[in-house]
Amino acid sequence: MIPAHMTVGLSDHRVATTRHFLMCRPQFFGVTYSINPWMDPSRGADAATAVRQWEALKSAYESLGHKVSVIDPVDGLPDMVFAANGALVVDGKVYGARFAHQERAAEAPAYLDWFAQRGYPVKEPAFTNEGEGDFLTLDEVILAGTGFRTDVAAHLEAQEFLGRPMITLRLIDPRFYHLDTALFALGDGNVCYYPGAFSEGSLRVLRRIFPDAVLGDEADALVLGLNAVSDGRNVIVNAEATGLRDTLTRNGYDVVPVELTELRKAGGGPKCCTLEIRL
Ligand code: ARG
């Protein structure tokens with residue numbers, strides 16, 4: 001971490017790169033089942049509010065110059081808005097998802113078909129994995145989460161298909177059931193994470209590879225502040241993560257706050273709604 005008096009001019013060094021994202025409008029969103037501790041079907045959720053908040057997220061990407069494609073939502077798949085789980089796309093190759101819970105199973109072919117119809121080479125996986133929810137791509141490596149959803153065998157399968165080295169990280173807190181609820185790539189080779197979500201051995205791995213990582217605390221994690229998207233300079237983050245927003249600003253990033261309170265009722269934030277298409 002960098003002391004405040006040394007950060008003057010730091011943001012001048014932060015360079016944004018243009019991204020291509022796939023998103024899914026939450027037209028059929030709701031909390032009708034519970035597959036993580038955030039979801040309470042008796043409380044439900046409102047699709048109209050979710051759509052309004054989602055549109056603001058999409059506009060935020062577009063005003064930063066990023067390209068957003070959309071996939072048609074499917075009635076009966078309330079979690080399909082969480083596009084990050086739909087696949088992992090690296091070098092234009094698409095490693096498909098295979099969901100841990102039956103409730104979301106039909107999302108996998110919907111996403112894979114979207115890519116296949118557009119000519120992307122796709123691979124249907126043999127092992128359970130929830131796409132970019134548990135696979136976070138950096139320039140040199142892919143950080144791969146396990147513990148709740150994605151099977152470690154999928155890490156190896158994806159590595160063989162994509163030819164990118166995987167670093168397996170074990171998640172231990174059920175509230176942070178996907179890697180992307182506890183860690184995000186800052187887009188400049190560094191990462192930001194909440195240490196409490198990881199096993200002791202995985203924490204040692206993170207500290208070894210990212211000695212200068214930006215850290216979030218439990219309060220940040222509990223508003224899904226770590227479920228953020230960075231383009232190397234601009235970080236789109238849940239507005240309520242006030243501590244993390246200050247930390248990122250002090251480290252020279254431009255914070256773009258968004259309100260996704262309705263989607264958080266299903267356990268998702270900005271990153272969950274966003275699948276990066278890397279060519
Ligand atoms: N309700 C969804 C689930 O439990 C939320 C998924 C959030 N996605 C993510 N990439 N973390 O599967």
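**Around Ala 182 and beyond**

Me: Leaving aside its neighbours within four places in sequence, which residues is Ala 182 in contact with?
Reply: This is a predicted model, in which local features need pLDDT of at least 70 and side-chain atom pairs count only at pLDDT 80 or more, while totals for chains, interfaces and linings use all residues. Residues are numbered from 1 along each chain as its sequence is written. Taking contact to mean that two C-beta atoms, placed from the backbone, lie within 7 Å, the partners of Ala 182 are Leu 171, Phe 176, Tyr 193, Tyr 194, Ala 197, Ala 221 and Leu 226.

Me: Does Ala 182 count as exposed or buried?
Reply: Ala 182 lies in the loop between β8 (166-170) and β9 (183-185), where helices (H or I, at least four residues) and strands (E, at least two) are DSSP runs numbered from the N terminus. A residue is buried with 20 or more other C-beta atoms within 10 Å of its own, exposed with 12 or fewer, and partly exposed in between, the C-beta atoms being placed from the backbone. Because Ala 182 has 26 C-beta neighbours inside 10 Å, its class is buried.

Me: Which residues touch the most other members of the largest nonpolar core?
Reply: A nonpolar core is a set of buried Ala, Val, Leu, Ile, Met, Phe, Trp, Tyr and Cys residues joined through C-beta atoms within 7 Å. The largest such core holds 78 residues, and those touching the most other members are Val 81, Ala 87, Ala 182, Leu 183, Phe 184, Leu 226 and Cys 273.

Me: In β4, which residue is the bridge partner of Val 89?
Reply: Strand β3 (residues 87-90) is covered on both faces, with Ala 87 and Val 89 buried on one side and Leu 88 and Val 90 buried on the other. Four bridges join β3 to the antiparallel strand β4 (residues 93-96), and two strands pair if DSSP finds at least two bridges between them. Across this pairing, the partner of Val 89 is Val 94.

Me: What is the phi of Asp 91?
Reply: β3 and β4 form a hairpin with two residues between them, and Asp 91 is in the turn. Asp 91 counts as exposed because it has 12 C-beta neighbours inside 10 Å. Most residues other than glycine have a negative phi. In Asp 91, however, phi is positive, near 55°.

Me: Does Leu 224 count as buried or exposed?
Reply: Leu 224 is found in the loop between α5 (218-221) and β12 (229-230). Its phi is near 55°, a positive value in a residue other than glycine. Because Leu 224 has 27 C-beta neighbours inside 10 Å, its class is buried.

Me: Which residue in β7 does Phe 135 stand opposite?
Reply: Three bridges join β6 to strand β7 (residues 142-146), and the two run antiparallel. In β7, the residue opposite Phe 135 is Ala 144.
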